[in-house]
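Colleague: I would like to learn how to read this model. Please take me through it feature by feature.

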Amino acid sequence: MDFEQNDTETTAPCVSGQVSNRDDGRNDKTYALAVVPYDEDKLSPFHLAERKFRFAGRELVIRQSWRELGVAAVVWDAAVVLGEYLETEVTLTDQTVVELGAGTGLTGMVAALQGAKVTITEREMALASLRRNIKSNIPPGTTPHPVLIQELTWGQNLHHYPSSYQYVIGSDIIYIKETFQDLLKTLVHLSNCETVVLLGCKIRYERDTDFLKMLEGKFEVKEVRYDQRRDIRVYKARLRSCTSL
Ligand SMILES: C[S@@+](CC[C@H](N)C(=O)[O-])C[C@H]1O[C@@H](n2cnc3c(N)ncnc32)[C@H](O)[C@@H]1O
């Protein structure tokens, strides 16, 4: 994968008006931000209207709208790193894949370009923006299998989804403590003994590691990639109840 606009993210999905003290990447302290005029476009790639990426020989042009939808409508570094991992380390031809908290859908698109049968999911409020990005980048007939886009709010209506996926993927979805139980419940619901869960993660706060501990209660978890420049880790997990069989 080549980056055409490869600035890495400069902010974290944290409470507006606060910034994390992240010398060691795991510090929970927050400080008030000074209010200073700045040129947003130079400050962060999040404020760009579109960003271009190249995966599987195809250019993907992702439209972003931070002001409209915030975290769900920009590309996070974890999506790029997980996309690179999928492209280089995983054979996805004809595999069933579900993506959680897809945002702009970049990682799910990479899976689709690799020939997977992908269901890309998001909260209702972010689905229209997700659909626009998928439609403009993956028009019908341009991947071996059509891409499905569906609403999935973690922990809700899980009976609409099978437990037969071969891969469950998600990038930068570990960031709201209040969602941790529901996210874990969703991962467990979607998994069977054969399922591989792949999570691209930026560990920003102590609480993020709490989720990893919760995950380890149910899944055998292994770090399979660390991208030092972007400080992103990819974790691979399989249901623990199956690994001892
Ligand atoms: C930091 S963004 C990451 C977006 C995208 N995966 C990426 O890496 O570019 C977190 C995403 O999780 C989604 N999300 C947050 N809470 C959720 C929930 N309870 N159910 C489903 N999705 C949720 C948000 O809508 C958002 O798109």
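**Reading the model**

Modeller: The crossing of H6 and H7 is right-handed. A crossing is right-handed if the near helix is turned clockwise from the far one by less than a right angle, and left-handed if anticlockwise. Note first that this is a predicted model: local features need pLDDT of at least 70, side-chain atom pairs count only at pLDDT 80 or more, and totals for chains, interfaces and linings use all residues. Residues are numbered from 1 along each chain as its sequence is written.

Colleague: How are the helices and strands assigned, and how many does the protein chain have?

Modeller: They are DSSP runs, numbered from the N terminus: helices are H or I with at least four residues, strands are E with at least two. The protein chain has 8 helices and 12 strands.

Colleague: Back to the helix pair. What describes two packed helices?

Modeller: The angle between their axes and the distance between the axes. The axes are lines fitted to C-alpha atoms, for helices over the stretch in contact, and the angles run from 0 to 180 degrees between N-to-C directions. Helix H6 covers residues 180-190 and helix H7 residues 206-218. Their axes come within 10 Å and cross at roughly 30°.

Colleague: Which residues of H6 and H7 meet?

Modeller: From H6, Phe 180, Leu 184 and Val 188. From H7, Asp 210, Phe 211, Met 214, Leu 215 and Lys 218. By class, this contact has 6 nonpolar, no polar and 2 charged residues. Two residues are in contact if their C-beta atoms, placed from the backbone, lie within 7 Å. For the classes, Ala, Val, Leu, Ile, Met, Phe, Trp, Tyr, Cys and Pro count as nonpolar, Asp, Glu, Lys and Arg as charged, and the others, Gly among them, as polar.

Colleague: How do H3 and H4 cross?

Modeller: The axes of H3 (residues 77-89) and H4 (residues 106-113) come within 8 Å, at roughly 15°. H3 and H4 are therefore roughly parallel to each other. The scale: under 35 degrees is roughly parallel, over 145 roughly antiparallel, 65 to 115 roughly perpendicular, and the rest oblique. H3 passes H4 in a right-handed crossing. H3 contributes Ala 79, Leu 82, Gly 83, Leu 86 and Glu 87, while H4 contributes Leu 106, Thr 107, Val 110 and Ala 111. Those residues divide into 6 nonpolar, 2 polar and 1 charged.

Colleague: Which residues are closest to the ligand?

Modeller: Ala 72, Ala 79, Gly 101, Gly 103 and Ser 171, out of 22 that surround it. A residue counts as near if its C-beta atom, placed from the backbone, lies within 6 Å of the molecule. The shell has 13 nonpolar, 6 polar and 3 charged residues. Ala 79 also belongs to the contact of H3 with H4.

Colleague: Is Asn 133 buried or exposed?

Modeller: Count C-beta atoms, placed from the backbone, within 10 Å of the residue's own: 20 or more others is buried, 12 or fewer exposed, in between partly exposed. Asn 133 counts as buried because it has 26 such neighbours. Asn 133 sits in helix H5 (residues 127-137). Setting aside residues up to four places away in sequence, Asn 133 touches Ile 62, Arg 63, Thr 104 and Gly 105. Its C-alpha atom is 9.8 Å from that of Ala 73, 60 residues apart along the chain. Over the 245 residues of the protein chain, 38% count as buried.

Colleague: What about Gln 150 in strand S8?

Modeller: S8 spans residues 148-151. Gln 150 is partly exposed, with 13 other C-beta atoms within 10 Å. Gln 150 touches Thr 119 and Thr 121, not counting residues up to four places away in sequence.
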